[in-house]
Amino acid sequence: MKIGVFAVLFADKPFEKALDYLVDLGVEAVEIGTGAYPGNAHCDPAVLLRSERKLSAFREAIRRRGLVISALSCHGNPLHPQSKIAREHHDTFVRTVELAQRLDVDTVITFSGCPGGDPKAAQPNWIVSPWPPEFSQMLEWQWKERVKPYWKETARICRSAGVRVAIEMHPNFVAYNPETMLRLRDVAPRVIGCNFDPSHMFWQGVDVVSAIRTLGDSIFHVHAKDCRIDRGNVMRNGVLDAKKYTRELERSWIFRTVGYGNDALVWNDIVSTLRFVGYDHVLSIEHEDSAMSSAEGLKKAITFLKSVVIHEQAGKAYWA
């Protein structure tokens, strides 16, 4: 496996300076944001698709540094009940798919989206409880009238471009755990898969290794991000927590750099199980640790993951 990074972490740096910095740290792959929530500071598909010269320069900047693009990412909500937001995020996704095809990148990452609860809604409605009964009715309406029709049509776009879509399981979107992820995957099994981020499983109480086994070959891409559970706060308030991430002492959980939420044994199991189910691509570091600077967190994550990957490779060689 290669160690990569979600390069939006360095959106404040010029693209090639960011690449040089990452190469110096020993990164082997980059995941690049193309718009919607991650922004497109380093890669605007509309600009690159209009200019073969700029597209070639972008491709060459990555190639000559010995890097690979693990995925293009445009996490958004194409099912947003406000048509302007939905259209902007959908158009960004379509342009990203076209760019991925031109760059020979096979994976585009986004969210599943979340519609409102009825045709007149103005805001998304994330439904996680079946009662009162109108919530069950709204959930079924979402999947029947919004989720399945959208992804059935969008999968056709991806299929014609030879590109897979990796859905990141995330709260506030309809696919947020393995069960809902597989429900969405079944719309187009060979085209729709998962961007597996363990951090979102940890706080929900999902056993990460069991989740990997359940998702199997539908895992198209992996984020390396950790999560620390505050047991005292969970005992008082449970794991659903809408407080800002900067209120670390009060929250039930916070995102951490890999190794600071769970130890090496846990991550060894994660990486080994990924290999067992056939994943041998990139571990893309996503830094969202409010207790560390981006530079410190990335350096610690790279060092930690290198030791995990080396351990896994040694075991693989021993049993070969």
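Visitor: What radius of gyration does the protein chain have, and why does the value agree with a compact globule?
Guide: First, please keep in mind that this is a predicted model. With 320 residues, a compact globule would come out near 20 Å, so the value for this chain agrees with that expectation. The radius of gyration of the protein chain is 19 Å.

Visitor: How many helices and strands does the secondary structure of the protein chain come to?
Guide: The C-alpha atoms fill a box of roughly 55 × 50 × 40 Å along the principal axes. Within the protein chain, the secondary structure comes to 11 helices and 10 strands.

Visitor: Among contacts between residues at least 6 apart in sequence, what percentage join residues at least 24 apart?
Guide: Let's start with burial: 52% of the 320 residues count as buried. As for the contacts in the protein chain between residues at least 6 apart in sequence, the share that joins residues at least 24 apart is 78%.

Visitor: Which helices do Arg102 and Glu52 lie in?
Guide: The side chains of Arg102 and Glu52 meet in a salt bridge, at 2.6 Å from N to O. This pair ties together parts that are 50 residues apart in sequence, because Arg102 lies in helix H4 (residues 83-103) and Glu52 in helix H3 (residues 52-63). Arg102 is partly exposed at 31% relative accessible area, and Glu52 is partly exposed at 44%. The helices you asked for are H4 for Arg102 and H3 for Glu52.

Visitor: Are Lys225 and Glu286 buried or exposed?
Guide: Their side chains meet in a salt bridge of 3.3 Å, N to O. Lys225 lies in the loop between strand E7 (219-224) and strand E8 (226-229), and Glu286 in the loop between strand E10 (282-285) and helix H11 (294-319), so the pair ties together parts that are 61 residues apart in sequence. Buried means under 20% relative accessible area. Lys225 and Glu286 are both buried.

Visitor: Which residues are linked with Glu16 in a network of salt bridges?
Guide: A search of the whole structure finds 18 salt bridges. In the network you ask about, Glu16 is linked with Asp20, Arg64 and Arg65.

Technical notes: Residues are numbered from 1 along each chain as its sequence is written. This is a predicted model: local features need pLDDT of at least 70, side-chain atom pairs count only at pLDDT 80 or more; totals for chains, interfaces and linings use all residues. Side-chain values use heavy atoms; hydrogens and water are left out. Helices (H or I, at least four residues) and strands (E, at least two) are DSSP runs, numbered from the N terminus. The radius of gyration is taken over C-alpha atoms; the globule rule is 2.2 Å times the number of residues to the power 0.38. Buried means under 20% relative accessible area, exposed over 50%, partly exposed in between (1.4 Å probe, protein chains only). Contact means heavy atoms within 4.5 Å. A salt bridge is a side-chain nitrogen of Lys or Arg within 4 Å of a carboxyl oxygen of Asp or Glu.
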